[in-house]
2 protein chains.
Amino acid sequence: MNSLRIIALVFWMGMGAAFAQQVTPTSQSNLLLTDKGVKDYTRLLAEKPTSVQEIAQIKQKIDAELGQPIQVPMPKDAGGGYTHEQHKANQLSIFYGGILYQLTDDSKYAEHAKNLLFAYAKIYRTLPLHPEKKEQTPGKLFWQSLNEAVWLVYSIQGFDAIKPYLSEEDRRYLKADLFQPYVDFLSVDGAETFNKIHNHGTWAVAAVGMAGYSLEDENWVKMALYGTAKDQSGGFIKQLDQLFSPDGYYSEGPYYQRYALLPFVVFAQAVAINNPELKIFDYRDSILIKAIYAAIDLTYGGFFFPINDALKEKNLKTSEMVFGVDIAYSITQDPRLLSFAKYQGNFAPIDAGFEVAQALSEGKEKPFAFQSKRFRDGEKGDQGGLAIFRAESEKSNSALVYKYTAQGMGHGHYDKLTWLFYDNGEEVIRDYGAARFLNIEAKYGGHYLPENNSWAKQSIAHNTVVVDEKSHFNGKYSIAENAFPTELSFDISNPDFQWASAVLKEVYPGVAFKRTMFQIQDPAFEYPLILDLFEVQSEEQHQYDLPLHFNGQIIYLNTPLAANKSQLLPLGKSNGYEHLWNLAQGKAHEKLSQFTWLLKDRFYTWSTKTSASDELIMVELGANDPDFNLRSERALILRSQGRGNHYFLSALETHGSFDSKNELTVNASNQIQSLELIEKGGKKYIEITTKDAGSRSYPVE
Amino acid sequence: MNSLRIIALVFWMGMGAAFAQQVTPTSQSNLLLTDKGVKDYTRLLAEKPTSVQEIAQIKQKIDAELGQPIQVPMPKDAGGGYTHEQHKANQLSIFYGGILYQLTDDSKYAEHAKNLLFAYAKIYRTLPLHPEKKEQTPGKLFWQSLNEAVWLVYSIQGFDAIKPYLSEEDRRYLKADLFQPYVDFLSVDGAETFNKIHNHGTWAVAAVGMAGYSLEDENWVKMALYGTAKDQSGGFIKQLDQLFSPDGYYSEGPYYQRYALLPFVVFAQAVAINNPELKIFDYRDSILIKAIYAAIDLTYGGFFFPINDALKEKNLKTSEMVFGVDIAYSITQDPRLLSFAKYQGNFAPIDAGFEVAQALSEGKEKPFAFQSKRFRDGEKGDQGGLAIFRAESEKSNSALVYKYTAQGMGHGHYDKLTWLFYDNGEEVIRDYGAARFLNIEAKYGGHYLPENNSWAKQSIAHNTVVVDEKSHFNGKYSIAENAFPTELSFDISNPDFQWASAVLKEVYPGVAFKRTMFQIQDPAFEYPLILDLFEVQSEEQHQYDLPLHFNGQIIYLNTPLAANKSQLLPLGKSNGYEHLWNLAQGKAHEKLSQFTWLLKDRFYTWSTKTSASDELIMVELGANDPDFNLRSERALILRSQGRGNHYFLSALETHGSFDSKNELTVNASNQIQSLELIEKGGKKYIEITTKDAGSRSYPVE
């Protein structure tokens, strides 16, 4: 890889200039808050104090701590427990203490950060591994080394800011007794994680690299950039090359894209400050900036698409995205980014953050118009992708997410060619996300729950076809990680007729999937219409299940189901089916099964071509869940038995309104009356007959 | 009743002066929009056009209709169906058409309203009863006469506003062919409803009374005020006497209080304008103004407490409350009311509304601080009540609602001495409200669903004791309507220690209930603490169930339950139990059962004194619900078998936070470790032992 070689070369030259080899770090601050930021803050405080009110809040928080004795407890608890949360609180106190010292020049803040750092220096070297290690590589202060790296990313910034306050002796002591063993723990003891091309690796290299800049240790910086062997077999540059697709999509998906961004952008910013000649933000066609924009595009209403292992409560307001947006603005000066900074309501207390505060105080923000977009997956962009169809207008704000990405490493789900749909501020067709209560000790210590494997990752938990009640690739990661969907087409050139099509062979032995999803804007429909053609190819006969994980209150089904009124049994025995109660079951409609539900004040109707030999099953999540770990959500499953080659043709209509204020209901029933796949002149079309606007047909690629 | 006699007397004198007896109504407008309102609007439009933007929206809506042919279809559909919604739309078009004519002096608006009124005049006299009559007294345009009255309340205001535009001939024709038969239908054919002391009666008398003022028919006004017999055996004055308690509480509860308010206040306003000497807003110690304030107090986050038959989506933004708030402001000039007008975001297009628009444009609004308050129930205030405990502070915004009201007529539930709890913007301890999809035809024609009787009204659907799996009074309305709880005490003098206590004898044969609920603010607890002492008196042995309808994700239970992992059965056979799936069951803790759940970002722990012979049952709603009419919600039931005299002693703690943005969890576990009812010096105390702050005891009245 040429670009990497060039960076490497430039770097070795640059390093020599940056620091002389020395044992004791100087009093020079080298990280993200510099004199420029301090000056910006001082000016804003004088001229527009409300624009930097956040600093007053940080001050209030730290001032409240100053009277209290510091607490650096012996590590004991897992995520969410007291010692875990206390060490996390301390990393912020060190960070904020340093920042406040720089901003106010008041030594009490530096003293506070110093006292905390000294308390850690006293214990760190001899600390054993954390007693609660489980499932993950352990840390010392924390149950997993990931948290250990995060601690250093924050604390080193606090240390860096109080360097001018510390004596030479102090600096030497902290390096020797805290940072050296800390860096050794992350990079020597934790070499495997450190060199991994994975978000845990990014946190580790950012921590060690930033420590290297602040403590002026060239060796640490080199390890951070090129791996412990310093031979480019690991490290930051390789992560930039491999963890993002050429479109800036992070292979683990949006939830971890957000999480991984922080170490990427803060370390890159440190590199940019200390080794500007590396032009790190230009690297790989500005891949980091692309990744920040991608994270923004992978949201609806501010919330990240919950594909793969993902907690649904995460949105663009998280601190990772605050740092990301501020640093991206500082690099690009794109005024649309300011609209997100405004939504976030705060800024990072670093140079880039003060730049954003200044720009916001001048009213420079511009709206960000979300548009249809596709993110290719894979280092080379050839491992499928994620297509997002948006139709933002005064009336409509829907988003169709069609996921045909690669597996996405260990946090990936068996959800090939699945989809989600958002509208009216809500998740209408859902993805369960992860089964986990992060940091709630009473819930399996805050870990991923057993139900994350038994339910959330299974294919039936997603809106895709499940063959013979087994998950894709039979739920085997070793097969899944090497199976990539291929995009056949993606076309958004006509705003009224956009689509994406992808195929994947051998989702099961001898079974291939092809799915084409369309977003259509047609005056016959009130809102954008979604069409879905799911083709299954197989010479053998199988059972095909197509679940629809809808969100809302069931209003109408055009074919009666026999409800299991007085006894519920699980739908199956394994692969997630054991978690589904079978609420009701019946024959599908002989031509077109239609299902209407209500969510908030809008109706949704799913129409799907069926025959009388198909079945519909209404299910609810919650069976075999003795600890009540799962949310009780419903889905409608379309089941086709004994099929070889087969296709599912479906449409989703958004319609009407339920205005409870004025007690008016409009268009509670839908438009589509028939749905057919036809051929004309050797070309396939989807033909739709509507109630009020006759027939129309749409070409299939 | 003296005050009534005085009003009656004054009135007969006043009427003569108001109108001479005449057949054809004059061109004079007599209802809620007068020259004063028109002048206010004209001035605001010139000076502060944004303050009356709403009129521009109304104009836009009506302008869009002007090009279209009018639609007055033959009545056919039930609530939510096309003809139902079209006639509702027309009532607003007539109303708005009239208003716009007055405000703009543009005759096209008057013409539009006139055309609609003429179309109705053409058909009304010969219209048969509505074909979809069901459960309720039928209307002609609508399935129930209630909607028929509502139509007239709006349409008569439109007619009134275009009177100056209409010829004498037009007015005579509309009176003879539309309003006379309409009034006859409501007051002669519908005499029973008309004379009823019930919200349906209020709509009917308001409709007829306003028609009387506008069409200058003294007889109609008299009927409206004193009943069809004009002997005070029915009518508006009697409704004012009997439908509200002395505190302004409406006997059917907040949902219908809101609904009933509109005809009360608009008709009262018409009375005030046409017969000011009646001083209608002063009547019965300003009962109507009290009722408007009560409606405001009976909300949380703007939403009405969903007790009795109530749809949860109703809030202070409904048009009834817009009219209510505007008219109340016009009478009281209380600037706190303006804060609700601002929250509503619009005003009624009548004199009072323009007064509010003016005041808001001058920034006159003051915040409304909700406080603990009790509303007595019953005409004389001696039929129990509803106590609301609030603790509004920077940190806390909870509300405890303790309901010990009378039955509340036919829409009442068998929920004696139940409670609800709100916090952090959410309903934490829930009431199901009504089982109904108002105006959604596919859901049982928009009627109350069968499950409203089989589930929503039953005792087990509420947070109160259920004896032997039967509902209170065995679910018999004839018994329930005569059984009123008695308030023993209500004390809010000490903000840190507030309580209410009530008793009810013969809830079941030989079984009496007494419940005392406390709201305590104590530094040992982060948030207000709720204590609950529920005493059951009975010489016979029974089974007592105490359900807790919690809202949130189950986090922790201190005693293991055996989950029904692979088969669910209903908990019982009748009285609502048939709708509950038994998810898990087990022995209660031998001393104190504790249950923690998470809602949004906060934890809640219910602690309840138990013995090892008690049972806990986790249930989920949804059994025997073949049409998916019920929401799937969970509850925890504490079951005590073979008990005579018995008490349940419980506490609800709000604690901690789950900050997903910063991934910090604080105080996920609660404070209470033991809970006892003790006696000291002949007085009862509730003694609590906490983890961090030792013991404390609170006196029980």
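This is a predicted model: local features need pLDDT of at least 70, side-chain atom pairs count only at pLDDT 80 or more; totals for chains, interfaces and linings use all residues.
Asp217(B) caps the N-terminal end of α10(B), with a side-chain oxygen lying 3.1 Å from the backbone nitrogen of Asn219(B).

Helix α10 of chain B covers residues 218–226, and because 8 of its 9 residues are buried, the rest of the structure largely encloses it. The buried residues are Glu218(B), Trp220(B), Val221(B), Lys222(B), Met223(B), Ala224(B), Leu225(B) and Tyr226(B). After α10(B) comes Gly227(B), whose phi is positive, near 95°.

Now to the place where the two chains meet. Here 52 residues of chain B are in contact with 52 residues of chain A. Together the two chains bury about 4500 Å², with 57% of it on carbon and sulfur atoms. On the chain B side, Phe628(B), Lys661(B) and Glu663(B) lose the most area to chain A, together 16% of what that side buries.

The interface has 11 residue pairs in polar contact, both residues at pLDDT 80 or more, while the count of salt bridges between chain B and chain A is 0. Several elements of chain B each supply at least two residues to the side that touches chain A, among them α4 (82–104), α12 (254–274) and β16 (580–587). The biggest share comes from β14(B), which gives 4 residues.

The residues on that side of chain B divide as follows:

| Residue class, chain B side | Count |
|---|---|
| Nonpolar | 24 residues |
| Polar | 15 residues |

Key:
Residues are numbered from 1 along each chain as its sequence is written. Chains are lettered from A and ligands numbered from 1 in the order in which they are written. Side-chain values use heavy atoms; hydrogens and water are left out. Contact means heavy atoms within 4.5 Å. Buried area is the accessible area (1.4 Å probe) that two parts lose on being put together, summed over both. A salt bridge is a side-chain nitrogen of Lys or Arg within 4 Å of a carboxyl oxygen of Asp or Glu. A polar contact is a pair of N or O atoms within 3.5 Å; within protein, one must be able to donate a hydrogen and the other to accept it, and residues adjacent in sequence count only if both atoms are side-chain atoms. Ala, Val, Leu, Ile, Met, Phe, Trp, Tyr, Cys and Pro count as nonpolar, Asp, Glu, Lys and Arg as charged, and the others, Gly among them, as polar. Buried means under 20% relative accessible area, exposed over 50%, partly exposed in between (1.4 Å probe, protein chains only).
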